[in-house]
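Here is a short report on one chain and its fold. Take a look at the model before reading on.

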Amino acid sequence: MATCNQRDPLEAREALDNLEFVSSIDVARFKEVLGHFVTGVAVVTAATPEEPVGFTCQTFGALSLEPSLISFSAVSASHSWPRAREVGVVGVNILSSEQEAIARVFGKPGSAKFAGIGWSPGPGGAPLIDGALAHLEGRIEFVTTQGDHDIVVVAAEYVVSHLGAPLVFYRGGFSGLV
Ligand SMILES: Cc1cc2nc3c(=O)[nH]c(=O)nc-3n(C[C@H](O)[C@H](O)[C@H](O)COP(=O)(O)O)c2cc1C
């Protein structure tokens, strides 16, 4: 069986920070191919002093069980993510099959996305959207910028789930599980 060499974590970090890579792949083609990977759909939220913010996110994933870590990638130069980063506590709302409209609202740039959407604050204050299939809330532990995205690691401090079916995203379209 092949084994993986253990690297000095500092060395590995430096290698990531110094990553310089020029891609020859066409962006639209890259996006189209990546779209073949089926995912659920989440909305990442935070409560800024001015207003609640949030964005639709399919890069959410489990990272570590002990400790309880999750991760997601966020466009570094977006509207909502830099604001959420400043707050330091984020909510992750895993959407149900009935929440496609919410995925579309939060998938558009800008603010004031919460108008007409039911939500309540989690224990740490992050907006938890009514009707979501599951909610997580946690503290941002680590962020590294790679390309045009930030990779974000969050320590989960509150988790809750409900019965229902997930919203699914595949090749640029929404569906439920068949
Ligand atoms: C299904 C779906 C999945 C998405 N996944 C991500 C993601 O993982 N990370 C990200 O930064 N943007 C993702 N987006 C795009 C953002 O939601 C979009 O850029 C949004 O405008 C960001 O909100 P903001 O302008 O308020 O920051 C996704 C959009 C959709 C519709």
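## The β2-β3 pair

β2 and β3 run antiparallel and are joined by six bridges. Within this pairing, A46 faces V53 of β3. The model is a predicted one.

The loop between β2 (42-47) and β3 (52-57) holds P49. Is P49 buried or exposed? P49 is exposed, because 7 other C-beta atoms lie within 10 Å, and a residue counts as exposed at 12 or fewer.

## The seven-stranded sheet

β2 and β3 belong to an open sheet of seven strands. The order is β3-β2-β6-β9-β10-β5-β4, with antiparallel pairing. Which strands stand at the edges? They are β3 and β4 (61-64). Each has a single partner strand, so one side of each lacks a neighbour in the sheet. From one strand to the next, the twist averages 35°.

Helix α3 (residues 80-87) packs on this sheet. The helix touches β2, β3, β5 (69-75), β6 (89-94), β9 (134-146) and β10 (149-161). The direction of α3 makes about 120° with that of β3.

β6 pairs with β2 in the antiparallel sense, over four bridges. Here V43 stands opposite N93 of β6. β6 also pairs with β9, again antiparallel, and this time over six bridges. In that pairing V89 stands opposite R139 of β9.

How many of the residues of β6 are buried? Six of its six residues are, and the strand is mostly covered. In a regular strand, side chains alternate between the two faces of the sheet. In β6, V89, G91 and N93 point one way. V90, V92 and I94 point the other way. The residues of both sets are buried.

## The ligand shell

The ligand is surrounded by 20 residues. The closest are T59, S78, S80, G107 and P109.

Which elements supply at least two residues each to the shell around the ligand? β3, β5 and α3 do. The largest share comes from β5, with four residues.

## Backbone details in the loops

The peptide bond from E66 to P67 is cis, and its omega is near 5°. P67 sits in the loop between β4 and β5.

A112 is a residue other than glycine, yet its phi is positive, near 55°. A112 lies in the loop between α4 (100-106) and β7 (119-121). A112 counts as exposed because it has 9 C-beta neighbours inside 10 Å. R171 is not a glycine either, and its phi is positive at about 50°. R171 is placed in the loop between β11 (167-170) and β12 (173-176). With 12 C-beta neighbours inside 10 Å, R171 counts as exposed. The cut-off for exposed is 12 or fewer, so R171 qualifies.

## The chain as a whole

The chain has four helices and twelve strands. Its radius of gyration is 17 Å, close to the 16 Å that the globule rule gives for 178 residues, so the chain is as compact as a globular protein of that length. Along the principal axes, the C-alpha trace spans about 50 × 35 × 35 Å.

Buried residues account for 28% of the 178 residues. What share of contacts between residues at least 6 apart in sequence joins residues at least 24 apart? The share is 66%.

## Confidence

Mean pLDDT for the chain is 92. Of its residues, 90% reach 70 or more. Residues 1-5 are another matter: there pLDDT stays under 50. For residues 1-5 the model has zero contacts beyond four places in sequence.

Definitions and conventions
Residues numbered from 1 in each chain as written. Predicted model: local features only at pLDDT ≥ 70, side-chain atom pairs only at ≥ 80, totals over all residues. Buried ≥ 20, exposed ≤ 12 C-beta atoms within 10 Å, placed from the backbone. Rg over C-alpha atoms; globule rule 2.2 N^0.38 Å. Contact = placed C-beta atoms within 7 Å. Pairing = 2+ DSSP bridges. Axes fitted to C-alpha atoms, helices over the stretch in contact; angles between N-to-C directions. pLDDT = per-residue confidence, 0-100. Near = placed C-beta within 6 Å.
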